[in-house]
Amino acid sequence: MDRLLYNDLLSWKREPRRKPVLIDGARQTGKTHLIEQIFGARQFRKVHKLDFNFAPGLASVFADGLAPRTIVDNIEVRFNEPVDLARDLIFFDEVGDCQSALDSLKYFAEQMPNAFVCATGSNIGLLTSFPVGKVSRLELFPLCFEEFVMASGQTRLLEMFRTRARSSTAHERLWSLFLDYTFVGGMPEAVAAWFDPRHGMAQRISQVETIHSDLVTGFERDFGKYAGPAHAQHIDAVFHNIPRQLETTLDGSVKRFRFQGVVARKRGYQDLRGPIDWLEKCRLAWKCYPIVSEPTPPLPHLTKESRFRLFLFDIGILRYLLRLPYALQREPKYGYKGFIAENFVQTELCARVGHPTYGWAEGRAEIEFLHQARNGEIVPVEVKSRRRSRAKSLSSYISRYAPERAITLTADPRGGRDGVVTNWPLYEAQYLRDL
């Protein structure tokens, strides 16, 4: 299963002198597979993998100090095989579980910039000690929609998606895949099961349900492992409350996250700030900040720390936590309704454009997202479903601020432009990055 981040890794490999590359991302998004089975297998003679979660004893490799030459020597002795610095990849997996390995990245950057050193971790955001400026940091997200199309094996359809061809046949196939994506999501194991040609539809649906269940159980265990029992209960409460709050806005735009009622006797942002920040640092939740005044760049200076909408990191996990069946996801009047569409756009923007994201709200008027184009222009982005139209909100925004252009994301395959408003199919949200 190819990933778009592979191209970033190729660029890193081509650099004559390089810092170690550190790949951050939520648990089970495919970091190890990408490095070991795809990038490492294709680009290097051998991958020397040190998995500190599976084998904590590997920390002894760093017992003689953090000098890169000493570490390489110890790796050779430990595994009884030579390390060819010109042709091999040294891979520190779950590096957050070994502070010495994390600290050593600084010295590889300074003393051995010709070496190929890669590290991954699912708790990078929680670390209190980090080699700032000494690593090239990348993020791996669940498969975005483009990667989902890649995984489907439909190469001609992928080409038409990438060229944004306005073909009714292509739209029909892409929309069908999009509805599947709202059920499966982008977790690699679920995607692999979904496109497994050996199984029929009923078995694939069952497998995806089982995989999502196992993943959620794994996340819940991590709450206790990395946060401690008391704090873990609050993290778990917030994690499970996100889809419940999203679901309450079935026929309207997603509202900002409400703190009251999530945890007993906790009523405000300061009470829940820790659990929310923990989920965001572990890449399990994403914030979207609504701007409540005229949007002017830079957008971060217009936000309020305690005012945000909160989305889950993967639309398939969102679907699972709400126990929405596949048949309902495929139902035209429901499949991309309201909060599902907005959570999809949020995850696409985080993966392909950047995070955090921003929206706009003033009175009862709301625009789901604001995108800052390369030239600094603020582009309002409206997300529409068949059963609701935010036309009044968009009209209000255009009347107040006269943007040069606006985007609506909808099921309509025709595209086209009406004044400053251009219509895009919902699954093309990632192309906001090209503005």
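In this predicted model, Arg283 is buried, with a relative accessible area of 14%. That value counts as buried because the cut-off is under 20%. Arg283 forms a salt bridge with Asp24, and the closest N and O atoms are 3.5 Å apart. Arg283 sits in the loop between helix H11 (269–281) and strand E6 (285–291), whereas Asp24 belongs to strand E1 (residues 21–24). The pair therefore ties together parts that are 259 residues apart in sequence. Asp24 is buried as well, at a relative accessible area of 1%.

Arg283 also meets Glu139. Their side chains form a salt bridge, at 2.8 Å from N to O. Glu139 lies in strand E5 (residues 136–139) and Arg283 in the loop between H11 and E6, so this pair joins parts 144 residues apart in sequence. Glu139 has 24% relative accessibility and counts as partly exposed.

Side chains of opposite charge can pair when their charged atoms come close. The structure holds 29 salt bridges. One of them joins Glu147 and Arg3, with the closest N and O atoms 3.1 Å apart. This pair links distant parts of the chain. Glu147 is in helix H5 (residues 145–152), while Arg3 is in the segment before helix H1 (5–14), and the two are 144 residues apart. Both Glu147 and Arg3 are buried. Elsewhere, salt bridges link Arg273, Asp277, Glu280, Lys287 and Glu305 in a network.

Arg204 presents another case. This residue is found in helix H9 (residues 201–227). Arg204 is buried yet has no salt bridge. The nearest side chain of opposite charge is that of Asp180, 6.2 Å away. With neighbours within four places in sequence left aside, Arg204 is in contact with Ala193, Trp194, Asp196 and His199.

Attention now turns to the nonpolar residues. In soluble globular proteins, nonpolar side chains tend to be buried together. The largest nonpolar core here has 101 residues. Within this core, Phe145, Phe239, Leu279, Leu284 and Ile317 touch the most other members. Helix H7 gives the core its largest share, 9 residues. Phe239 touches Val216, Phe219, Phe223, Leu279, Leu284, Leu312, Ile317 and Leu321, not counting residues up to four places away in sequence. Another core lies apart from the largest one. This other core has 26 residues, among them Leu22, Leu58, Val72 and Leu127.

Helix H7 (residues 168–184) has 17 residues. At 1.5 Å a residue, H7 should span 24 Å, and its end C-alpha atoms are 24 Å apart, which agrees. H7 is mostly covered, with 13 of its 17 residues buried. Ser167 caps the N-terminal end of H7. A side-chain oxygen of Ser167 lies 3.3 Å from the backbone nitrogen of Thr169. Gly185 follows H7 and has a positive phi, near 75°.

Helix H14 (residues 338–352) has 15 residues. H14 reaches 21 Å from its first C-alpha to its last, close to the 21 Å expected at 1.5 Å a residue. Of the 15 residues of H14, 14 are buried, so the helix is largely enclosed by the rest of the structure. Just after H14, Gly354 takes a positive phi of about 150°.

Conventions: Residues are numbered from 1 along each chain as its sequence is written. This is a predicted model: local features need pLDDT of at least 70, side-chain atom pairs count only at pLDDT 80 or more; totals for chains, interfaces and linings use all residues. Side-chain values use heavy atoms; hydrogens and water are left out. Helices (H or I, at least four residues) and strands (E, at least two) are DSSP runs, numbered from the N terminus. The expected span of a helix is 1.5 Å times one less than its number of residues. Buried means under 20% relative accessible area, exposed over 50%, partly exposed in between (1.4 Å probe, protein chains only). A polar contact is a pair of N or O atoms within 3.5 Å; within protein, one must be able to donate a hydrogen and the other to accept it, and residues adjacent in sequence count only if both atoms are side-chain atoms. Lys and Arg count as positive and Asp and Glu as negative; His and the chain ends are not counted. A salt bridge is a side-chain nitrogen of Lys or Arg within 4 Å of a carboxyl oxygen of Asp or Glu. Contact means heavy atoms within 4.5 Å. A nonpolar core is a set of buried Ala, Val, Leu, Ile, Met, Phe, Trp, Tyr and Cys residues joined through side-chain atoms within 4.5 Å.
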